[in-house]
Amino acid sequence: MMGIEMDNISPSKSYTIFGGCEMKLKVQSRVALIDEKIDFCVTGLPPESKLKITASMHFPWAVSEKYQSFAWFTADSNGSVDLSKHKPDSGTYDYIDTMGLIASLQKINSEGGNIALDISIDDSVFIDIVCENGQDRECIRLERMFKLPEVKSQQITDEFMGELFYTENSNNKTIVVLGGSDGERNGLSLLSGPLASRGFNVLTVGYFNEKGLPKKLEEIPLEYFEKVFSWLKRNPLTRTNEIYVHGTSKGGELALLLASRYDFIAKVVASAPHAYCFQALDGLMSGKNVSSWSYEGRSLPFIPVDNDIFYEHQRDCLAKNIPFGFTTTYKKSVERARNKEEARIKIENANANLLLIAGQQDNIWNTHDACVEIMSILKKNNYKYKYNLLDYKDLGHPLPIPFVIPLSETLNLKMGGGVFTCGGTLKGNSFGQSDSWQKTIEFFMN
């Protein structure tokens with residue numbers, strides 16, 4: 001039986017696990033928030049011997065979808081394997097990273113469930129770690145919480161569709177979280193729980209594809225968000241004259257658009273945003289020539305997106321047997337547009353500190369080009385607030401928070417007779433997610 005020695009239970013405490021044999025597993029922290037790194041080390045091994053470590057998990061809302069990763073290591077001359085220092089000999093990842101087993105989790109069993117549906121952050125994710133060295137075998141179960149127990153939530157359904165996450169002792173900083181083109185607001189709680197656990201008030205806002213809202217991301221009225229801002233200023237929990245906004249992908253486009261028009265927005269994190277307003281996504285398929293956004297009943301100026309570019313790109317990728325995406329489509333659509341300046345988001349008019357996050361390998365749209373352009377415009381206009389671009393060479397278009405959804409879910413997906421990818425490498429996405437998320441928290445905190 002494995003013995004356990006631990007400090008008082010707290011997500012920030014260290015736990016040292018002693019095996020019943022010579023092999024000892026040391027982990028920090030066994031219980032932690034979902035976005036926190038784990039330090040993991042195995043000692044007491046015969047020098048130069050082989051160690052296999054396997055990680056297994058499933059989501060509490062999708063128990064039939066099971067994930068696993070593994071790595072083989074060679075113990076050093078002291079008989080230890082430290083995941084923060086040692087590269088695997090082989091396995092599901094091939095670089096030094098204490099979170100490599102988490103980042104490289106792959107689906108090994110499925111009953112056709114959809115992990116994007118029925119998301120709930122009430123229950124923790126448990127990850128089983130198994131270490132095998134010859135006949136010795138030791139296990140440990142890690143608990144990964146989406147939120148601390150003191151985080152509460154409140155549904156808002158009258159003036160707008162949203163959910164507020166908060167604690168009784170919040171830091172009085174309120175972040176509005178905006179999702180992208182899938183319209184699934186439940187998924188935003190994966191970001192909101194960890195943020196609220198750090199003392200922020202976090203309001204997730206749905207703006208289409210919900211009861212009482214537009215069914216499609218098409219001419220969404222900006223007046224809707226004015227109701228959100230007004231509610232935040234009146235609500236006793238969030239009453240403030242400064243509002244922070246976090247937006248991802250299409251939500252990043254929206255976050256920058258709102259900041260350019262409302263001077264009480266004080267901070268914006270835009271993860272994989274764009275510099276322009278674009279044609280409504282559903283309009284691309286139907287041929288409807290309207291903007292994603294509207295004001296006073298009129299479409300805002302937008303860049304038309306030519307589907308023929310995408311189909312040509314897809315056919316070319318299929319012929320070459322390489323993954324395809326949408327970046328070429330957006331890049332060429334911007335280059336061909338005759339109304340670029342009219343459709344450009346006038347971010348230089350904002351009164352907010354800005355943090356932009358872009359992956360050079362983003363394969364959803366050319367967010368890196370857009371962010372470089374935004375930085376140039378801000379510099380040219382002597383923008384008086386702080387602005388910064390986190391630029392990652394091998395980052396694609398993943399979820400902005402690390403260690404939650406396995407990267408295998410976005411790196412390569414079968415679609416249309418070929419393979420679709422959000423872009424980037426396993427290592428690049430893992431590092432970019434983790435680094436940008438930590439800097440996001442620091443940006444909002446300071």
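Glu-253 is buried, at 0% relative accessible area, where buried denotes under 20% relative accessible area, exposed over 50%, and partly exposed the range in between (1.4 Å probe, protein chains only). The model is a predicted one, in which local features need pLDDT of at least 70 and side-chain atom pairs count only at pLDDT 80 or more, whereas totals for chains, interfaces and linings use all residues. Residues are numbered from 1 along each chain as its sequence is written, and side-chain values use heavy atoms, with hydrogens and water left out.

Glu-253 takes part in a salt bridge with Lys-250, and the closest N and O atoms of the pair are 3.0 Å apart. A salt bridge is defined here as a side-chain nitrogen of Lys or Arg within 4 Å of a carboxyl oxygen of Asp or Glu. Lys-250 is also buried, with a relative accessible area of 3%. Both residues belong to helix α4 (residues 250-259), in which they are three residues apart, about one turn of the helix. Helices (H or I, at least four residues) and strands (E, at least two) are DSSP runs, numbered from the N terminus.

In total, 17 salt bridges are found in the structure. Side chains of opposite charge can pair when their charged atoms come close. One of these salt bridges connects Glu-65 with Lys-107, with 3.2 Å between the closest N and O atoms. This pair links distant parts of the chain, since Glu-65 lies in strand β7 (residues 62-74) and Lys-107 in strand β10 (residues 106-109), 42 residues apart. Glu-65 is buried, with a relative accessible area of 0%, whereas Lys-107 is partly exposed at 35%. A further salt bridge is formed by the side chains of Arg-137 and Glu-132 (3.9 Å, N to O); Glu-132 is partly exposed, its relative accessible area being 29%.

An open sheet is formed by three strands in the order β17-β20-β21, with mixed pairing. Strands β17 (220-221) and β21 (298-299) stand at the edges; each has a single partner strand, so one side of each is left without a neighbour in the sheet. Two strands are taken to pair if DSSP finds at least two bridges between them. Strands of a sheet pair through backbone hydrogen bonds, either parallel or antiparallel. Strand β20 (residues 293-295) and β21 run antiparallel and are joined by two bridges. Within this pairing, Ser-294 is placed opposite Ser-299 of β21.
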